[in-house]
Amino acid sequence: MSGTDHPAETGVPPALEQTPAKSQELAAVDAELGETVAALTADDLEPAGRRQLLGRLVTDIRRRGLGQMFKPKAAVRWMADVVTDVAPHVPIRDLETLRRHFPGLNDDDLADRLIRNAARSTAGVGAAGGGVASVQWVAPPTLLSAPILLGAETIAVVAIELKLIGELHEIYGQPVEGSLGQRAAGLVQAWSQQRGVNPLVPGVGVATVLGTAARRELQTTLLKRFGRQLTTLGPMLTGAAVAGFLNRRATRNLGEHIQKDLRKTRNKVIEG
C-alpha cells in the first residue's frame, strides 16, 4: 500500500497506513520482538529474567499495534501473523551443539531432557505471567491489559515449543531443511499439526506453505493455547500456578507426540 492512499479510498484505518517511515518503524519493532522471543526460549532463564522478558514482550506487542487484540477472531489472526513473523528468529541448536550442552546422553535421553526443559520453561511463562499481571494491574484498567498479556504468554509458549520441535528433529536425524523462512514455516506447520515436519518442496516459500488451510489450522491451535493462558487471570498466585501446570502438561504432551512420530519415521528409514 502506498503512503498516499487515503482511508476513505482504501477502507484501511489510519493506524494501519504503511508509509515508508511507518514500514521501517514496524520492521524495527518486529526485529526487537523477535529478539525478545528468542531470549525467552533459553533453557536456563531464572524466574526474574523470564518475568522481565515477558514484560518486555508485552511492551513490544503494544508497540506493534493493539487494535485487533480486543476482538477474539481478529486477535487469533493477529497472533498467527506474529508467530509466523517471529518463527525465523527462534534459535534451533544443531546436534553437535546439543551434544556439547548435554554430554553423555543417548538420543532418547537427550530428547527427554529437552522435553522436560521446554515443559519447565513454558510452566515458567505461566508463572511469570501472573507476576507481570500483579505488577501491571495494580491500577485499572485491567481489561485493557489482559488481551496483551495473554497474547504475549501464548506467543512465548509457542516459540519455546517451536524450538523444541526443531531440536527433536536434529536429535532423530531429520533436521528441518530449506531456507530460514522455509524451516520456520515447516516448524509452524508441525506445531499446528502436533507431528513431525513434512519435507518442503524446494523453492516453496512461507506464503505458499502457510496457505489458507495451514493458517486456519495454526489459528485453531493458537486459539486452544490462548484459552489455556486465561487461567493467568485468576487470583494471582492460584492463576499463575494453574497456568504453569497447564503449560507444562501441554508442552510435555506435544514433545512426546513429536518424539514418537520422529522415532517411527527413523525406524521406517532404517528398516527400508
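What follows is a friendly dialogue on how to read a predicted model of one protein chain.

Biologist: Which elements have the lowest and the highest mean pLDDT?

Modeller: Helix H1 (residues 7-10) has the lowest, at 38, while helix H5 (residues 95-101) has the highest, at 96. Two stretches call for a second look. Over residues 1-18 pLDDT stays under 50, and the model has 17 contacts there beyond four places in sequence. Over residues 134-144 pLDDT also stays under 50, with 11 such contacts.

Biologist: How many helices and strands are there?

Modeller: The chain has 11 helices and zero strands. Buried residues make up 46% of the 272 residues. Among contacts between residues at least 6 apart in sequence, 74% join residues at least 24 apart.

Biologist: Let me try a single residue. Is Gln259 buried or exposed?

Modeller: Buried means under 20% relative accessible area. Gln259 has 5% relative accessibility, so Gln259 counts as buried. You will find Gln259 in helix H11 (residues 236-271).

Biologist: What is Gln259 in contact with?

Modeller: Leaving aside neighbours within four places in sequence, Gln259 is in contact with Asp108, Ala111, Asp112, Ile115, Leu168 and Tyr172. Take Asp108, which lies in helix H6 (residues 107-136). Beyond its own neighbours within four places, Asp108 is in contact with Tyr172, Gln259 and Arg263. Sequence distance and spatial distance are separate things to read: Asp108 and Leu168 are 60 residues apart in sequence and 9.7 Å apart in space, C-alpha to C-alpha.

Biologist: How many salt bridges are there?

Modeller: Side chains of opposite charge can pair when their charged atoms come close. In this model the count comes to five salt bridges. Arg99 pairs with Asp107, with the closest N and O atoms 2.4 Å apart. Asp107 also forms a salt bridge with Arg266, at 3.0 Å.

Biologist: Which parts does the pair of Asp107 and Arg266 tie together?

Modeller: Asp107 lies in helix H6 and Arg266 in helix H11, so the pair ties together parts that are 159 residues apart in sequence. Arg266 is partly exposed, with a relative accessible area of 24%.

Asp108 and Arg263 also meet in a salt bridge, 3.2 Å from N to O. Asp108 is in helix H6 and Arg263 in helix H11, so this pair ties together parts 155 residues apart in sequence. Asp108, at 28% relative accessibility, counts as partly exposed, and so does Arg263, at 31%.

Biologist: Which residues do shared partners join into one network?

Modeller: Salt bridges that share partners join Asp43, Arg93 and Glu167 into one network.

Note on methods:
Residues are numbered from 1 along each chain as its sequence is written. This is a predicted model: local features need pLDDT of at least 70, side-chain atom pairs count only at pLDDT 80 or more; totals for chains, interfaces and linings use all residues. Side-chain values use heavy atoms; hydrogens and water are left out. pLDDT is the predictor's confidence in each residue, from 0 to 100. Helices (H or I, at least four residues) and strands (E, at least two) are DSSP runs, numbered from the N terminus. Contact means heavy atoms within 4.5 Å. Buried means under 20% relative accessible area, exposed over 50%, partly exposed in between (1.4 Å probe, protein chains only). A salt bridge is a side-chain nitrogen of Lys or Arg within 4 Å of a carboxyl oxygen of Asp or Glu.
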